[in-house]
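Please look over the structure shown below before reading on. The report that follows takes up a few local features and then turns to the whole chain.

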Amino acid sequence: MRRAELIATGRKLFADTSYDALSMDDIARHAGVAKGLIYYYFKSKRGYYLAIVEESVAELVARAGSDRDLPTAERVQRTIDGYLRYAQHHQAAYRTIVTGGVGFDAEVQAIRDAVREELIATLAEGAYGRRDIPLTARLALIGWMTGAEGVTLDWLGHQELGRDAVRELLTRLLRATLRTIEELEPSCPAPSTTP
């Protein structure tokens, strides 16, 4: 079994089970390998866990940056839907990324902060054609992003609304954020095809 296969197994395991509830013996048994192979690739349970979080983050960021050839409105809809779909199907990993992991985990928080920065840059690039934006615009997008994380976490806990309804809510909130940015920072006009 290769590293990628161990990460795929770990993503499934940690999707439903907390970090503390899984031992290396449990992980090895589910993967069908000797525990030593996991240590060979990842050095420790924590190393294994961080590799899984990093892999999950890479997928989330890749989804956000895809479909660049689509019109803005459709790309935003697809990006938000992909974000929600990812969160829905990888709930434990999503919660770890957004909340910073087990207790105060500086490495997981650094990963989360890097993800936020990349998602904010991707939003800016989609809205304004550039990643470097004025501080007011950046702060407003960070506000939207953290709001989207909070909405998504709450939705995962209840799922009383369908994904389409949550996507529409987040899309409208983003539209309002982009209009507010335009009012406060005229150098960042809201896209005319805002979703």
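In this predicted model, tyrosine 41 counts as partly exposed, because its relative accessibility of 29% falls between the 20% limit for buried and the 50% limit for exposed residues. Phenylalanine 42, with a relative accessible area of 6%, is buried, whereas lysine 43 is exposed at 63%.

| Residue | Relative accessible area | Class |
|---|---|---|
| Tyrosine 41 | 29% | partly exposed |
| Phenylalanine 42 | 6% | buried |
| Lysine 43 | 63% | exposed |

The protein has 3 aromatic pairs, and one of them joins the rings of tyrosine 41 and phenylalanine 42, whose centres lie 6.1 Å apart and whose planes meet at 50°, so that the pair is tilted. Ring pairs also tie these residues into a cluster made up of Tyr40, Tyr41, Phe42 and Tyr48.

Lysine 43 sits in the loop between helix 3, which covers residues 35-42, and helix 4, which covers residues 45-65. As background, most residues other than glycine have a negative phi.

According to the UniProt record, an unreviewed entry, residues 23-42 carry the annotation "DNA-binding region".

Once neighbours within four places in sequence are set aside, leucine 141 is in contact with Ile120, Leu123, Ala124, Ile133, Leu174, Thr177, Leu178 and Ile181. In general, nonpolar side chains of soluble globular proteins tend to be buried together.

Taken as a whole, the protein has 9 helices and 0 strands, which gives the pattern α-α-α-α-α-α-α-α-α along the sequence. Of its 195 residues, 46% count as buried, and the protein exposes about 9,900 Å², with carbon and sulfur atoms supplying 52% of that area. Among contacts between residues at least 6 apart in sequence, 65% join residues that are at least 24 apart.

Key: Residues are numbered from 1 along each chain as its sequence is written. This is a predicted model: local features need pLDDT of at least 70, side-chain atom pairs count only at pLDDT 80 or more; totals for chains, interfaces and linings use all residues. Side-chain values use heavy atoms; hydrogens and water are left out. UniProt positions are given in the numbering used here, feature names are shortened, and annotations may be inferred rather than shown by experiment. Helices (H or I, at least four residues) and strands (E, at least two) are DSSP runs, numbered from the N terminus. Buried means under 20% relative accessible area, exposed over 50%, partly exposed in between (1.4 Å probe, protein chains only). Contact means heavy atoms within 4.5 Å. Accessible areas come from the Shrake-Rupley method with a 1.4 Å probe; for residues, only the protein chains shown count as cover. Rings of Phe, Tyr and Trp (its six-membered ring) pair if their centres lie within 6.5 Å; planes under 30 degrees apart count as stacked, over 60 as edge-to-face and the rest as tilted.
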